[in-house]
Amino acid sequence: MLAHGALATGALANGAPILKSLGKNSEEALIERQRLLAKLRGLLAEGRSAAAYKGLAGEAANCLSHPHGQVRATACSVLAEMGEAGAPYVAELLKRFDIQERDPEVQKQAMRALGACGGDLTSLQEVTALLEVEVKKPEMQVATLRAMAELGLAESFSETIVTFAKGPRTHVRMAALTALGTLGAEAAAHVDLIAGRVAEPVMRTEALQILGRLGEPAAKYLPQVADCLRDSDPSSREAAAEALKSLGRFAGAEHEKTVQKVLKLLDLPDDGAKAAGITALGCLGAQLAGGYAHRIAGILTCVAPEPVVARVEKEERLPPPYSPFELRCLAKCAKYGVSQTAEQQPAPLEPPRPAARPPPALPSFLRKPNCAAALALARLGKQGQSYIGTIAKMAAAADVELRLACVKALGEMDGRGQVQAEMILNRFVDKEPAVRAAALAALSRLASRGVELDELVVKKMNSMLVDPDDGVRCAAALAVVEVGGPYAFLGSSKVLPLLKRPQEEAVVVGLKVLGTLGSRGAVVICLTVSGIDYTFLRSSKDMTKAFGDAVKEVISAEAQGADVCSESSSAGASSVNVKAVIVQPSTDAASALEGKLDAARLGEALDRKIGSVDSIARAIIREQLRVGDVTIACQPAVHAEAVGGLMEDPRPSVRAASLRSLGAMGGGSPQVAGGLAGRASGRLQDGVCEVRAAAAFALARMGQAGPAHAPEVARLLKDPLPEVGRAACEALGRMGASEKLPSDVLNSLEAATKDSTFRSVTAAAAEAMKLVKR
């Protein structure tokens, strides 16, 4: 990735002289121009931020006034693909709609570019005035409607959009429907029009998605949505199922006929129809469909037999009629006109046929009745809860998809949290990684709904942080953070290996988890107990637990009222490592507690306590028990250096995640933050906008180390992308609230409140000025 980025940077550097040659008018120059613009589009693989940062958007904008319409259209298309990087050139795009412009393709691509790059401009009123002009060409109507949606102007032109939505041309009506979908709650006024588009196959999926987002105003169309569960288009069926989940909670007695209609699907031999009917019943909820829970549970236990695959005998492969050498000889004969007999001529080669694309896979609850039944029972309230044992039993079925559906159902079911948690724990030993990951996600959902998971469950979740599968480890890390509490901090050291994995997603998850934990208050105490003889012990596991309990009791006395947990592990023949965590309400409280705790005094208290525990004392027969290597640290400081080590990673998403996690940690301890702040400031010049924004975010949260780099952050106020400018404003406001900023930085921030290309940057600068010290 780094090599590719370096190559692209070189190409971008050479872009200016190359694109200046576009003024030539010869046919050869036109071909060259088209080739170079195609290459320009290829360079967009580096991302819109790199294009903006290197000034490539400006070079493309120079082509907007070229005499050749194809070049102008291509330039508009390139700016559209660059997104917000083309925002400074909206005035040039607007000129494409002057009376002198006769090429409709140029105008269409210019409208696309306006939609992609103009949404945050202070000159938005100019775009608004432009869109009020009557548009008669269908292609321009589609481009205009899409621009309205992307610019957020649909609300101002709702009547115009409705007119287009009732027009005779399908592709125009479809663009108008998309624009109506951006209205949010205001789209409820046009719910009848949107529901009418469900009857048109090409618009059905879009219309169903909008109806699902509207909620209660669209509930009267619930029967039509349910009918779409049997649509021939998989995407429409999936959209209908999602819409039913949203609309089902508004179902009432008036939808009883819909229930009876859906029940008929359960009698059909087609598994897809049956699964669709069961899904619909689950979405309709306990009030309407709860009485049919027994029937759904019966379908859950009906496991379809595995399909029998006919055995195919190994096909005997015949040798080719000609060797490679003979083929080359035949080719030379053909070149020089040497005749060949019919026996000598090889069979003509057929052109390769493109492989047919497989249809998009439907989710299991729309294909398999038993998977649909498990998820439906989870949504049927108390009637469904009575079958929790059946669901737990089927969670061990041979079918992987059925196991996944049952585990998900156990996580979504209400009312018996701890019982469900223990049932889900059984899937931690599943041979399929996807099922183990689903079990962790299910426990996370239980915790997010307020279910208190007991210590055994949380410890088991922590143990999954060392699962051999990366996906499971990521799921475990995210679940542990959701559960929170002291055991989440104990598991943080097990998250560190994710930062060294080759998979980018695993590294980003690890950084996110460590950043989240680092933003919370906790003190970590590590110590080693030596002088132990395990010779006469029946179980070293019981011994390490006794050490952990003793340490927890002593620390609880030192930090009264704190939530403390500990874990112990044997370390060699005569030692035990103990780690304890004291959770605090904030990082400031954790820092205050760290200052109060004395490692020497704590070690003496632990000496006395551990020696007095009978089960431990009987094991100490060789030498005097010793407590040593006591270290006390705040949680943010524990992993800050490991997280900061990825700031220079070649992968942009990893660099951005590292900086954001570092900011959440506050840079770690003051001693660590100083060095990391200097390295983070170097990322302010990164070629990727997300990384530059994350660097400003991190520096603003590094205590006294961050404000020293305020001048570098202030340079981002003129960044070509608004998200970076907003991050700079927020960072300077945060820095200025605690430290007095240099006068030149204040002047730059004040100037941004009056003269910025982007509205949101102007507003963010104004908010920052309210916070800074004068």
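This is a predicted model: local features need pLDDT of at least 70, side-chain atom pairs count only at pLDDT 80 or more; totals for chains, interfaces and linings use all residues.
Local features need pLDDT of at least 70 and side-chain atom pairs count only at pLDDT 80 or more, while totals for chains, interfaces and linings use all residues. Residues are numbered from 1 along each chain as its sequence is written, and side-chain values use heavy atoms, with hydrogens and water left out.

**View 1. Helix α31 (residues 504–518) packs with helix α38 (residues 652–665).** Helices are DSSP runs (H or I, at least four residues), numbered from the N terminus. The angle is about 10 degrees and the axes are 7 Å apart; axes are lines fitted to C-alpha atoms over the stretch in contact, and angles run from 0 to 180 degrees between N-to-C directions. That makes α31 roughly parallel to α38 (angles under 35 degrees). Contact (heavy atoms within 4.5 Å) involves residues including V507, V508 and L511 of α31 and V654, A657 and M665 of α38. By class, this contact of α31 with α38 has eight nonpolar, five polar and two charged residues. Ala, Val, Leu, Ile, Met, Phe, Trp, Tyr, Cys and Pro count as nonpolar, Asp, Glu, Lys and Arg as charged, and the others, Gly among them, as polar.

**View 2. α38 also packs with helix α40 (residues 689–699).** Here the angle is about 15 degrees, with the axes 8 Å apart, so α38 and α40 are roughly parallel to each other. Among the residues in contact are R655, L659 and R660 of α38 and E690, V691 and F697 of α40. The contact of α38 with α40 has 10 nonpolar, one polar and three charged residues.

**View 3. The charged end of R660 sits over the ring of F697.** The distance to the ring centre is 4.9 Å; the term requires CZ of Arg within 6 Å of the ring centre and within 35 degrees of the ring normal, or likewise NZ of Lys.

**View 4. Helix α18 (residues 271–289) packs with helix α21 (residues 369–378).** The angle is about 5 degrees and the axes are 8 Å apart; α18 and α21 are therefore roughly parallel to each other. D271, K274, A275, I278, T279 and G282 in α18 meet P369, A372, A373 and A376 in α21.

Terms used: Helices (H or I, at least four residues) and strands (E, at least two) are DSSP runs, numbered from the N terminus. Angles under 35 degrees count as roughly parallel, over 145 as roughly antiparallel, 65 to 115 as roughly perpendicular and the rest as oblique.
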